[in-house]
Amino acid sequence: MLVLLGVAVMVLGFALRLNPLAVVAAAAIVTGLAAGFDIVATLTVLGKAFRENRYISIVWLILPLIGLLEREGLQERARTLIGRMKSVTAGRLLLLYLLIRQITAALGLTSLGGQAQMVRPLIAPMAEGAAESRHGPLPDALRYRLRAFAAATDNVGLFFGEDIFIAIASILLIKGFFETNGIIVQPFDLSVWAIPTAIAALLIHGTRLILLDRRLAKDATPEMSK
Amino acid sequence: MIGFKPILPFGFNVLYPLGGLFFMAIAISGLLDHSNPKRWGNAAFWGLLAVVFLAGDLLPDAVNGLIAILMAALAGFGQIGKGVAAPDPGRQARSERWGEWLFIPALITPVVALVGTKTAKYLTLNGQPLIDPKQATLVSLVAGILLATATALIMFRAKPTTALTEGRRLLDSVGWAGLLPQLLAALGAVFVAAKVGDVIGNLAVTWLPLDGPLAAVVAYTVGMALFTAIMGNAFAAFPVMTAAIGLPLIVHRFHGDPVIMGAIGMLSGFCGTLTTPMAANFNIVPAALLELPDRNAVIKAQLPTAGLLLLVNTVLMYVLVYRF
């Protein structure tokens, strides 16, 4: 029971809006001590996992490229390109991206999207460009909402597409877990049963994207004098 | 050639030194940014990460742990900041000049990452694999990044230091959030060592009403989502919840189908992933990347989708799992 103190630290820390990095470090120390490890043993468990998970941070190698492209005006270009297509609204653009992200992830092509590679340099500016060409300059709150939706759409498309691919980590984890419990399942069967939820995700999030268009039309009515 | 550390196949043996040099360069570049009042904090932060990349395997793990705590402390005491970018009036004009060509370098990375991942197992040199199959995705991604960066440097006739400065500026705007995914993964390992999952699984079984097929399904899907939200990762939640509720109740007592239960159970966990700051690389890092003032803005945009989908998953599982 005592080990749940670490979870309590997390919940409290996030609720109080303290710095998440400090909260996570504190939760790790509290959990280790509550489990009866001494401080060196706790640091060792934390440090070993911190070292073994270095590869997670290697994605930042992409930032010089994104920076160079943005310096040459990639975001502006993405905006103008979409702004020229008059029938494209922000919601419809994101809906199209959702569909493409789901289908490519279902084929195992999960690296075709991503927040640093696609959303920041291309998808978010395109959504803003589409909204601005229709409604004029956006108020900040609406601009931020649109960007948040661009990021959310990438996540939803990835999460509820990838499980249709038979060789994805989560499918292999399910198969492996059942195997150690004496139940043999086929990855293909698992991936088939991911399809109903994938369709529901497309319908639910897609509807919200269309509603986002309505809200843009309502809240971003251009001031004609400008 | 005895004494040479084998560099083939490419894997962490090349990625970690490369990452270490990169973060070291970031630290130095940050130190030279006089517009950032906290440049010493930034330099220390990324410099410490460079140490873990370059020397992590040589250091005792307690020291690696101490470095993690130090980095968190730098962030916690507000020692990480960012500079002021000089205005760049030529940007719109440059973007006109490049036209649609500007998208080419942006597309090199995903294409190379994709092709590399799919073909890694066929690439050999003297019968030896060129790329470590276990790290094919990561190696291909980094190869794509390097190729695209080189293309952009040549195309724009830019100096490598310009690329570094621009990249560092972006990393400054991501700030401490850039380390959050790695530190959360480490916290997950501490949770496992302390058996946090087992304790929560026991609590769920003790306190939840599980006396019918519907109650078991609701407890399982909602439990997956909640536990995933706490751990930040559906992979950590799945074995615990399935061993505690899924197998004993849904499969063994009520004779449900394990395949349907497993598939929809994992997807219920993904609904939890959409709602939690613990899944930092999906939820918190993008808010930083997109320069949103509210760091929970992405989570807020996802909450209705996640809630409705969890409901759909629960209904789907109840309707399907006892029927096949």
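Chain A holds 11 helices and 0 strands. Read from the N terminus, the elements run α-α-α-α-α-α-α-α-α-α-α. Keep in mind that this is a predicted model.

Now look at the overall form of chain A. Its C-alpha trace spans about 70 × 45 × 35 Å along the principal axes. The radius of gyration of chain A is 22 Å, whereas a compact globule of 226 residues would have one near 17 Å. Of the 226 residues in chain A, 56% are buried. Next, consider how the chain meets itself. Take the contacts in chain A between residues at least 6 apart in sequence: 76% of them join residues at least 24 apart.

An unreviewed UniProt entry places the feature "transmembrane region" at residues 23-46, 89-112, 156-178 and 190-211 of chain A. Two of these spans can be followed in the model. Residues 23-46 of chain A are 83% helix and 0% strand, and the end C-alpha atoms lie 14 Å apart. Residues 89-112 of chain A are 71% helix and 0% strand, with end C-alpha atoms 23 Å apart.

Turn to the meeting of the two chains. Here 91 residues of chain A are in contact with 109 residues of chain B. What kinds of residues make up the side of chain A that touches chain B? They divide into 61 nonpolar, 18 polar and 12 charged.

Chain B comes next. Its domain assignment gives two pieces of sequence to domain 1, 1-82 and 96-174, while domain 2 covers 181-321. The C-alpha centres of domain 1 and domain 2 of chain B are 32 Å apart. The contact between them takes 4 residues from domain 1 of chain B and 6 residues from domain 2 of chain B. On the domain 1 side, α3 (61-76) and α7 (160-174) of chain B are the elements that give two or more residues. The residues on that side of domain 1 of chain B that touches domain 2 are 3 nonpolar, 1 polar and no charged.

Finally, zoom in on one residue of chain B. Gln135(B) sits in the loop between β2 (128-129) and α6 (136-155) of chain B. Why does Gln135(B) count as buried? Gln135(B) counts as buried because it has 20 C-beta neighbours inside 10 Å, and a residue is buried if 20 or more lie within that distance. Beyond its neighbours within four places in sequence, Gln135(B) is in contact with Gly11(B) and Phe12(B). Gln135(B) and Gly11(B) are 124 residues apart in sequence, yet their C-alpha atoms are 5.9 Å apart in space.

Terms used
Residues numbered from 1 in each chain as written. Chains lettered and ligands numbered in written order. Predicted model: local features only at pLDDT ≥ 70, side-chain atom pairs only at ≥ 80, totals over all residues. Domains from an automatic or database assignment. Contact = placed C-beta atoms within 7 Å. Helix = DSSP H or I, 4+ residues; strand = E, 2+ residues; numbered from the N terminus. Nonpolar A, V, L, I, M, F, W, Y, C, P; charged D, E, K, R; others polar. Buried ≥ 20, exposed ≤ 12 C-beta atoms within 10 Å, placed from the backbone. UniProt positions renumbered as here; feature names shortened; annotations may be inferred. Rg over C-alpha atoms; globule rule 2.2 N^0.38 Å.
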